[in-house]
Each structure stands twice: as structure tokens, then as C-alpha cells.
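Please read these notes with the model open. They go point by point through the fold and the contacts.

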Amino acid sequence: MNRKATRISIAMAHGPSLDSVVSPAPELLVSSIGNEPAAYVGMKYKDYLELQQSNKLDGKSCLDRVRIPAV
Amino acid sequence: MDLFLCSEISLEYSRRVREVARGLLKGISESLGLEGSYIDKALNLEQGKQIFIANLYPTCPQPELAMGMPPHSDHGFLTLLIQNGIGGLQIQHKGKWVDVGALPNSFLVNTGDHLEVHSDFLVMLSFITIRLGVDPRFLRLNNPVTNVKFLFFCY
């Protein structure tokens, strides 16, 4: 919000298809010392979208809901 | 503006911006050491969800009292934002909110939650700015392994 000027923004969000299950790419979970544990659980994009939209935008990322705590 | 014309322009804009986003994701795939088409294929971007969000913030005599847009991160892969030269967006950097200027003739590109998930944290929530006219195929992110967060400007 601005006292002197009107602001216009146009945002274009791009995501996967609604039925895609988004999880860490398996190829990225392999390091020189072997397999690494994934940092996130997989979730269908549609479900994630609904989860995010049904929560208040309170500054917390919805990512906390799919994050796997490090052992 | 004629509504029909507006619809035609919005459709054309959506189509073209989608190509820019897919080009950027190709570069991101490669910078992660994957095939360029990896993200596109693995998550079926041909059928990808695209959302057009237009916001108007009129002049406000007491902006400190306005609610504006609450803090959030975007859900998908990439959000491409254009502004009319008037800034207002803030990003959280090291726990502090900082203003992001409105660079003319440029897209502000925000990475979303699912890019962080799919890259398993190698690409964290962040943003980049690209000047219009740059071929996105020439954009490459830094080495993701050392990249706790990326932020680059391409003019």
C-alpha cells in the first residue's frame, strides 16, 4: 500500500499437474556416501494445494506439514 | 478495454509466460545434475496447473493500517510476477523482511514449496529477477550443492 501511487501486480503461478505426487527426486537422494534420507514426504499437488488454501496465511510455510524431521 | 480482447491477451500472456517458466525449470533441472526435461516429465508440466493472479493496490492515505497480503510462500514451482513499476513486495531474508524493488521490464521469479520438495531442499524458497528479452535457456543456477539459497540478477 502506498500513499501516492497505485500498485498493480500480475503473478502467474506454475505448478505440476494436479494429480502429480511431488516428492524428492530419487536421483538427488544419492550422494558419494550412499543413499540419503528424504527431507520431505510425497504429496499429491492437489492435496497440498487444498491443505495450503484451507490454512490461514499466518506466515508459516505449509512445507512444515510435509517435512521429515532429521534424525 | 474490450472484454473479449482482454481475454485474448490474458490467454496469450499465459501461454508465453508458461514457456518462460518451463525454460527456467529446464535450467534448474540441469543445474541439479538432472536431464533438462527431468522436472517437466516427472511432474507432467504439459498438464501443469497455472494460476493467473492480478492484484490492484489503490493509493491509500494510511498504508500502515492496511492489511495487504499476509506472509506466505507459494505452493507450486515458480511464480513469475510483473509490477507496474511500484514496489510493495517484501521477502524474508535471514529473519528480516526486506523490500524488493520493482525493476522495470522484468519478471520477479519466486520459487515455490514444491520446487524445494522435489529438489529435496537443494533449491530453497527464494527469488530471482530476470529482465525481459533474455532467453531463459541461457539462465543457469549456481551449483546447487553449495547453494544454500540462490539469488541472482540477470540483466
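**Notes on chain B and its partner**

1. Helix 1 of chain B has 29 residues and spans 42 Å from first C-alpha to last, close to the 42 Å expected at 1.5 Å a residue. The expected span is 1.5 Å times one less than the number of residues. Helices (H or I, at least four residues) and strands (E, at least two) are DSSP runs, numbered from the N terminus. After helix 1 of chain B comes Gly33(B), with a positive phi near 85°.

2. Some ground rules. This is a predicted model: local features need pLDDT of at least 70, side-chain atom pairs count only at pLDDT 80 or more, and totals for chains, interfaces and linings use all residues. Residues are numbered from 1 along each chain as its sequence is written, while chains are lettered from A and ligands numbered from 1 in the order in which they are written.

3. Chain B has three helices and seven strands. Along the sequence its pattern is α-α-β-β-β-β-β-α-β-β. Of the 155 residues in chain B, 27% are buried. Buried takes 20 or more other C-beta atoms within 10 Å of a residue's own; exposed is 12 or fewer, partly exposed is in between, and C-beta atoms are placed from the backbone. Among contacts in chain B between residues at least 6 apart in sequence, 58% join residues at least 24 apart. A contact puts two C-beta atoms, placed from the backbone, within 7 Å.

4. Which residues of helix 1 of chain B are buried? They are Val20(B), Ala21(B), Leu24(B), Leu25(B), Lys26(B), Ile28(B), Ser29(B) and Ser31(B). These pack against strand 1 of chain A and against helix 2, strand 2 and strand 5 of chain B.

5. The largest nonpolar core has 28 residues, and Leu24(B), Leu25(B), Ile39(B) and Leu78(B) have the most contacts inside it. Helix 1 of chain B gives the largest share of this core, five residues. A nonpolar core is a set of buried Ala, Val, Leu, Ile, Met, Phe, Trp, Tyr and Cys residues joined through C-beta atoms within 7 Å. Beyond four places in sequence, Leu78(B) touches residues including His14(A), Ala21(B), Val109(B) and Leu115(B).

6. Now the interface. 39 residues of chain A are in contact with 54 residues of chain B. Strand 1 of chain A supplies the largest share of the chain A side, eight residues. That side divides into 24 nonpolar, 11 polar and four charged residues. Here Ala, Val, Leu, Ile, Met, Phe, Trp, Tyr, Cys and Pro count as nonpolar, Asp, Glu, Lys and Arg as charged, and the others, Gly among them, as polar.

7. Strand 1 of chain A runs antiparallel to strand 1 (residues 50-57) of chain B, joined by eight bridges. Pairing requires at least two DSSP bridges between two strands. Ile8(A) has Leu56(B) as its bridge partner.

8. Strands 3 (residues 90-93) and 4 (residues 96-99) of chain B pair antiparallel over four bridges. They form a hairpin with two residues between them, and Lys94(B) in the turn has a positive phi of about 50°.

9. Why does Gln90(B) count as partly exposed? Because Gln90(B) has 14 C-beta neighbours inside 10 Å. Gln90(B) lies in strand 3 of chain B, and its bridge partner in strand 4 is Asp99(B). Leaving aside neighbours within four places in sequence, Gln90(B) is in contact with Trp97(B), Val98(B), Asp99(B) and Val100(B).
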